[in-house]
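This note is written for a colleague who is meeting the structure for the first time.

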Amino acid sequence: MPLRSAPLPRMAGHLSFMRAQPKTIRDLRPGDLAVLGLPFEDTGAPFAGQSLAPRALRETSVYFGWHANPQFSHPVDIDARQEICTDGLHAKLGDLGDLAPVSEDRIHAALREATLQIFRAEACAILLGGSDQLSRTVQKALPGCQAVQFGGTLQVARDFHVAPLPHGTGCSPSAGASLAEFALWRDGSKPLFVRFDLSVFRTSLSALCDRPRLGGCDLETVSQWLGILGQHRVSAIMLTGLNPSRPGMGVVKVGQRLMVTALLAFVYARLGFLAPYAKQVIAEETELT
Amino acid sequence: MTAPLTIFQPPFSQPGFRLFDGPAGDVAEVGTGQIGVVGMPSDWTHSSRLGTRFGPVALRKATTLLHATRPQAASVDPDTGYCSRLAADWVVDCGDAPITPQDVDATTQAIAAMTEALTVGGAIPLALGGDHYNSFPACLGYSRGLIRRAPGARFGYIQIDGHLDFSDRLGAWGTHNHATNARRISELPNVDVANMVWVGITGWVDGGDLALIEQQGGRVFSAGDVHKLGASEVMRQALAHAMQGCDELYLSIDIDAMDAGYLPGTGSIVHSGITPRQYYDLLDGLAEAPLGGLDIVEVSPPLDPSERTEFLAAEMLFRVLRRFRTRPVAAA
């Protein structure tokens, strides 16, 4: 039986990601998902406020804490008319809390060490940023890792870009050639790191992020990709680009809802629940090949 | 001796806004076939983001401002070729129902009393939310009024919404809140779940609620259905299903079915991908429907500093009330 908490209003009670149980790194088992908040500012960003993002993401995620909420029976994807069984989610998902605000060097060192320990435990780190600057620290902590990039600025040419594409402003289509390209690019012997920046979403959806880009993807495309990546042994996924203090953004909460909704596809796929759209894409892939 | 002063006495108008800049009046003054407006400035039954208590005044202001910018003479809709002139005496704003924040039942009965009085008199109640719970008291009064006006009559129900709102209870909020309004409506004596239709549902929903609806013959059209089938076709099917064996239609418009990228000023945002154009096409499909009553809910001005949400919602009312607001004229 899944462990279920009291029917608390979702803004009340202990705040954790999707109402997950607090865990320490020592508690992690292979296949677990470990949420870690990085509440730090990006000193190069045009506006202050990224440090508030982990809390905003957790607050929004509680809305999706189906497994911990006895008032709901079970989630169904209304478009696919498919039930999603989340039994076991509570055992696999843990919230480690936030990295403590200390000196910059010590923050980088702590993040490096935490990432490495989660990797060695064969768990997957879900890093709630925060500043994109810390993503390089994560990448360095994972020996020889490959990185997939959603949104943000282009960093390394050998990374796999869902969006922005190296040659333009668009978004990789989810089917056919792009998946085949990803399969060719992916080396299963190396850790996989996913950078998920809010700016991956098309401007009409994410206009209030710090660095909106023209073009970008819709929610369905990003969810499909994250559902597919969730079936791989991802060592860390890092959310960046959210700034809840931007005028208007903190009020309407569109950014955090977009990110958490898409992240859910990753979480479900990573734990074997496999969101219906991921199944559909895989089925289409099978037909194509 | 000085000449007597001539005092200029303009016709006085009531300060503040009324819906569509219509006249203010009591529910007893609204005539048969007219729209009677009831404000429901209550968000005490919403579980997360508040602010819809300011919805009625925002809708009144937005419809009045939009009304002033529309052609006042005969005009043609460039999309549809529909040629019309403005109707007179079609709407009366009856003000707000008295809201008792600490007493859901008192609020419920106060709203229901107004919509019941309107329905009994042959008028069509239009209730302005407020959070979506208030749709239940609005429909409750309509249901009671229909029983008194036309005993034995049945009504169909269409809810355009991002969410089912069909839970029996919601945690600490109990049985009467913005997640249970459709469930409470389904328990009214002159509607069957088989005549209830939901349009625009998105994301993950509670599987038990969905099964309960579909087992009893209700229909649910998802946001994906709107994209795949087209808004007009979805509403054509929805209306046909809701009206089977029914005499009138009750319509509940929850603005949150529209994608939050367009419409952020609402309590429970969704990313349905439903555009303003698709939403308006849905409502165009109801412009000739046999409306017995309707509500529009979840407009939360404090959550949208740009104010575009209330104007998008006002346009929804322009669409669905076209039959009342205008009269067709022969094209030149």
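**Notes on chain B**

1. B:Asp254 stands opposite B:Val297 in strand 11 of chain B. Strand 10 (residues 248-254) and strand 11 (residues 291-297) of chain B run parallel and are joined by 6 bridges. Strands pair if DSSP finds at least two bridges between them; strands (E, at least two residues) and helices (H or I, at least four) are DSSP runs, numbered from the N terminus.

2. This is a predicted model, in which local features need pLDDT of at least 70, side-chain atom pairs count only at pLDDT 80 or more, and totals for chains, interfaces and linings use all residues. Residues are numbered from 1 along each chain as its sequence is written, while chains are lettered from A and ligands numbered from 1 in the order in which they are written.

3. In chain B, 8 strands form an open sheet with parallel pairing, in the order 4-1-5-11-10-6-7-9. Strand 4 (91-96) and strand 9 (219-222) of chain B are the edge strands, each pairing on one side only. From one strand to the next, the twist averages 15°.

4. Helix 8 (residues 276-284) and helix 9 (residues 308-320) of chain B pack with axes 8 Å apart, at an angle of about 30°. Axes are lines fitted to C-alpha atoms, for helices over the stretch in contact, and angles run from 0 to 180 degrees between N-to-C directions. The two helices of chain B, helix 8 and helix 9, are therefore roughly parallel to each other (an angle under 35 degrees).

Key
Parallel < 35°, antiparallel > 145°, perpendicular 65-115°, else oblique.
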